[in-house]
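Here are a few friendly notes to read alongside the model. Have a look at it first, then go through the points in order.

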Amino acid sequence: MKTTLLRGVAAISAVAAFSLGLAAPAAAETDFPNRTIELVVPYQPGGGTDGLARTFADASRKHMSQSMVVVNRPGAGGAIGWTEVINAKPDGYKLAVLTVELLTLPHLGLAKFNYDDFQPIAQLNADPAAITVKADAPWNTIEEFLAAAKKSPESVRVGNSGNGSIWHLAAAALEDKTGAKFGHIPFQGAAPAVLALLGGHIEAVAVSPAEVSTYVQSGKLKMLMVMADQRVKGFEKVPTAKERGIDVSIGTWRGLGAPKNTPPEVMAKLREITAKTAAEPMMREAMDKLNLGYVYTDGAAFKATLAKDNAYYKDLITKLNIKP
């Protein structure tokens, strides 16, 4: 009888242990996050992407018990930071800020990843490219600027945020539509390109209004044109390319992504946190201050944008025969 009793206790213990084993992963998923989340920015500090990430990290504190820290991993036009996140454990604790370069770099042969190596969480922003020069530059209109680039090909140096970056493509698309020929100068992000412009090392940048707004407002730089369908809030006096007879509309977006095998329960929690954070007044106010265009779409809609833009940039790169 004693033996029978011991066997019964052992069986009950085994069932209990098995049940706990099954329950452990579910508990781990439902209490997500239970430690700090890293948000990787694949560019140097100071640009629009970095500003957006830091604002988001601050605003997210109201909607989760853990903190989110921004980690800058610049290099290779964004590929270094994205590759780090793609290769990270897919548990939701290392995320990336995604930009349109995620789509352009592979088509240029500069990266081996694909956009579907990420699960999109949400899109937070969209901004057009803008041509900006020093305030004391000899050109006051886009026509004067382009005339200089046609007269002396490649002498007008235009900075971008890296080979294959959207700002590189924007300047190349402008060349294609106008016959101008720029000297394309890559930097590890938009912020270093803008600093080079301020220092007189290049003649222009083809970056978003957000990344030059502080210097335009202080009178150090002047914006000649935005590559958008409509004039940009805060820069209402700056004409669009189409207003100047140039048929080009190109820009970037920014959003959040997680490694592709992140569990559905964790993705659902990340999207919930992101939706609440994006709706925070401080988020909107900070983005307005940074002159970042606010756009919010959820995971499914953002995934559709990725697929559509991937096809567009593949065709554009092929058509313009852009080489890194």
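1. Strand E4 and strand E10 (residues 294–297) run antiparallel and are joined by two bridges; Asn125 stands opposite Tyr294 there. Strands (E, at least two residues) and helices (H or I, at least four) are DSSP runs numbered from the N terminus, and two strands pair if DSSP finds at least two bridges between them.

2. A word on provenance: this is a predicted model, where local features need pLDDT of at least 70, side-chain atom pairs count only at pLDDT 80 or more, and totals for chains, interfaces and linings use all residues. Residues are numbered from 1 along each chain as its sequence is written, and side-chain values use heavy atoms, leaving out hydrogens and water.

3. Nine bridges join E4 to E9 (residues 251–259), with Gln123 partnered by Gly255. Six bridges link E4 to E8 (residues 221–227), and four link E4 to E7 (residues 204–207), where Ala130 stands opposite Val207.

4. Thr132 lies in E4 and counts as buried because its relative accessibility is 0%. Thr132 stands opposite Met223 in E8. Leaving aside residues up to four places away in sequence, Thr132 touches (heavy atoms within 4.5 Å) several residues, among them Leu197, Glu203, Val212 and Met223.

How values were computed
Buried < 20%, exposed > 50% of the residue type's maximum accessible area, 1.4 Å probe, protein only.
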